[in-house]
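Keep the viewer open and follow along.

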Amino acid sequence: MPTIPQLPPTSLVNPADEIPLSQAGVTRTATVGTLLASTQPAILTPTGTLLGRVSLGPGGPEPIAIGTGLALATASLAANGGDHAAFVPQSTLQPTDEVILNSSGTPKRMILGLLRGLFSAGPNITIDPAGTISSTSSASTIAGLSQVTAIASSDLVGISQAGTDHSITYANLINGQTIDVAQAAVAANDSDSFWVAQGSSTMLRQSFSAVWNWIAAKVPTYKLPVVELAANTTLDGTVHNGRILLCTAPITLTPAFISMGSGFHCDVINLSGGVVIFGPGVASSSGSSLLPAGQCASLRAATYSAGNIIYAAVSGTTSSLLAPGQVTGLVAGTITSSSIAVSWIAPATGGAPASYTVQYRISGAVTWLTWSPGPTSTNVTLTGLTGSTSYDIQITAMNASGSGIASSILTVVTPTTALVTAITWNLTPAGPYVHATGSIGMNVLVTPASSAVQFGFSTSATVPPATWTLGTLVSGNIWAAYVNTPATAGTWYAWAEGTDGSAPTAHATGFTVT
């Protein structure tokens, strides 16, 4: 007998087809239809389909549509509320109306009236059984609020703006009070008041008369500020007005009416060993631009019908009627093959000098030559001299009462003439610098390298300086010097030239002095 795998396969099975089976130990035959008549056929439906029986009579399961408000999820059919949109709208609410709520995951019904129990009325507020919220306070009960003893900038203040209630921080409220919104006042009076803070941030009221009494009591104890000056100074209203100026060095005080202004005044006391010079533009009661040592002057600036005037009332002593004393401190400055710069200290005794007589001669000669014109300041540069020559120099102070004793003789030898043919700037001032403060370094490349040069500052790139500082050979052909910072503010130009005046060279770019 063949086995089942040895039987030929069939491609189609019909209910009438027969298959063998064993029934009570007897082999019998049965059709496929008879065999399957008592079994449930396979049900094939899409995922998420709900099956049931809606047709009349016996039959198999049928798909059932899920309506609005229901959803099938993980084999459970549950309401999802999607059908609420179809509910009839309720235009008014009654305490007996019901709503659906979720209570710990379980849907429940709740009467609206129970919501009243969730709320409690605060101070001056009531809620009636119908849910009406009412205020029991009035605008006059603000005094019943709790009080504070201090206020912070972040605290809020109630305001009404364009008919709407708002709040504003205390800081913004105060800052918003500008003087232009205040009512215009009439002429000031002793009884006028203004805000002050005395010893704390608490605002108090003060009267004009009380302030005036305080000022009057302070005036007798007011002391003029004192400013010490040891370098040439340009007078300035913001620095020197209403001050006592103590000059501890023989300096020059230069007036600048534009910065002093009409009404400027100061007292000048000369505590140096020389004279203090009033620059051009100062009219002096002594007729001299020199303030001798140990004397003082009161300077005042004023504008009147004839223009501006700066007047110095110089203190008078019997010595001002005497001839000046002896000039001291005669020293040489820049020396070239054709010039010698000298400076000195005004006499500390006698009357104030009006001018000086400068005499010079070749050493060993008998006759003195007089330099003209005689300077009124304490320095001069003798020019037109000969190189490799020894000169004697002496200075005598003069005024209307006569001449003083000549200074000690200063002997200076001029160097051999050495013309400079070319100067190239190597280190130039950059600025800005503070006037009359310190010195400024600079250096140049010189041809020939052994030719001495001198340095100076001018307010012009075309007009050479009035005074020069002798340079020093640093190395190779580099000559350098430190020159005192100009005494006045403005734009200045650096200059260099041979000590004999050859190859004068100005740096094209100016620098600023404040």
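## Starting at Leu224

Leu224 sits in the loop that runs between helix 3 (208–218) and strand 15 (226–229). Helices (H or I, at least four residues) and strands (E, at least two) are DSSP runs, numbered from the N terminus. Please keep in mind that this is a predicted model, in which local features need pLDDT of at least 70 and side-chain atom pairs count only at pLDDT 80 or more, while totals for chains, interfaces and linings use all residues. Residues are numbered from 1 along each chain as its sequence is written, and side-chain values use heavy atoms, with hydrogens and water left out.

Leu224 has a relative accessible area of 35%, so it is partly exposed. The cut-offs are under 20% relative accessible area for buried, over 50% for exposed, and in between for partly exposed (1.4 Å probe, protein chains only). Beyond its neighbours within four places in sequence, Leu224 is in contact (heavy atoms within 4.5 Å) with Gly242, Ile244 and Asp267. From Leu224 to Ser76 there are 148 residues in sequence and 101 Å in space, C-alpha to C-alpha.

## Two nonpolar cores

In soluble globular proteins, nonpolar side chains tend to be buried together. A nonpolar core here is a set of buried Ala, Val, Leu, Ile, Met, Phe, Trp, Tyr and Cys residues joined through side-chain atoms within 4.5 Å. The largest such core has 23 residues, and those touching the most other members are Leu245, Ile251, Leu253, Val268, Phe278, Leu291 and Leu299. Elements giving two or more residues to this core include strand 15, strand 17 (244–247), helix 5 (257–260) and strand 19 (265–270).

What does Phe278 touch, not counting residues up to four places away in sequence? Its partners are Leu253, Ser289, Leu291, Ala297, Leu299, Ala312 and Val314. Apart from this core lies another, of 21 residues, with Val275, Leu290, Trp344 and Ala397 among them.

Is His240 buried or exposed? With a relative accessible area of 4%, His240 is buried. This residue belongs to helix 4 (residues 237–240). Leaving aside neighbours within four places in sequence, His240 is in contact with residues including Leu229, Leu245, Phe264 and Cys266.

Gly273 is placed in the loop between strand 19 and strand 20, and at 48% relative accessibility it counts as partly exposed. Gly273 and Ala346 are 73 residues apart along the chain, yet their C-alpha atoms are separated by 7.9 Å. Not counting residues up to four places away in sequence, Gly273 touches Ala293, Ile345, Ala346 and Ala348.

## Aromatic pairs

Rings of Phe, Tyr and Trp (its six-membered ring) pair if their centres lie within 6.5 Å; planes under 30 degrees apart count as stacked, over 60 as edge-to-face and the rest as tilted. By this rule there are six aromatic pairs. One of them joins Trp344 and Tyr356 edge-to-face, at 5.3 Å centre to centre with 65° between the planes. Trp344 is in strand 26 (residues 340–345) and Tyr356 in strand 27 (residues 355–362), 12 residues apart. Both Trp344 and Tyr356 are buried. Elsewhere, Tyr433, Phe457 and Phe511 form one aromatic cluster.

## Salt bridges

How many salt bridges are there? Defined as a side-chain nitrogen of Lys or Arg within 4 Å of a carboxyl oxygen of Asp or Glu, the count is two. In one, the closest N and O atoms of Glu98 and Arg109 are 2.8 Å apart. Glu98 lies in strand 7 (residues 98–103) and Arg109 in strand 8 (residues 106–111), so this pair ties together parts 11 residues apart in sequence. Glu98 is partly exposed at 44%, while Arg109 is exposed at 61%.

Asp392 forms a salt bridge with Arg361, with closest N and O atoms 3.3 Å apart. Asp392 is in strand 30 (residues 390–399) and Arg361 in strand 27, 31 residues apart. Asp392 and Arg361 are both buried.

## Backbone details

Most residues other than glycine have a negative phi, and most peptide bonds are trans. A cis peptide bond joins Gly431 and Pro432, with omega about -5°, and the bond from Thr447 to Pro448 is also cis, with omega near -5°. Ala24 has a positive phi near 55° and is exposed, with a relative accessible area of 85%.
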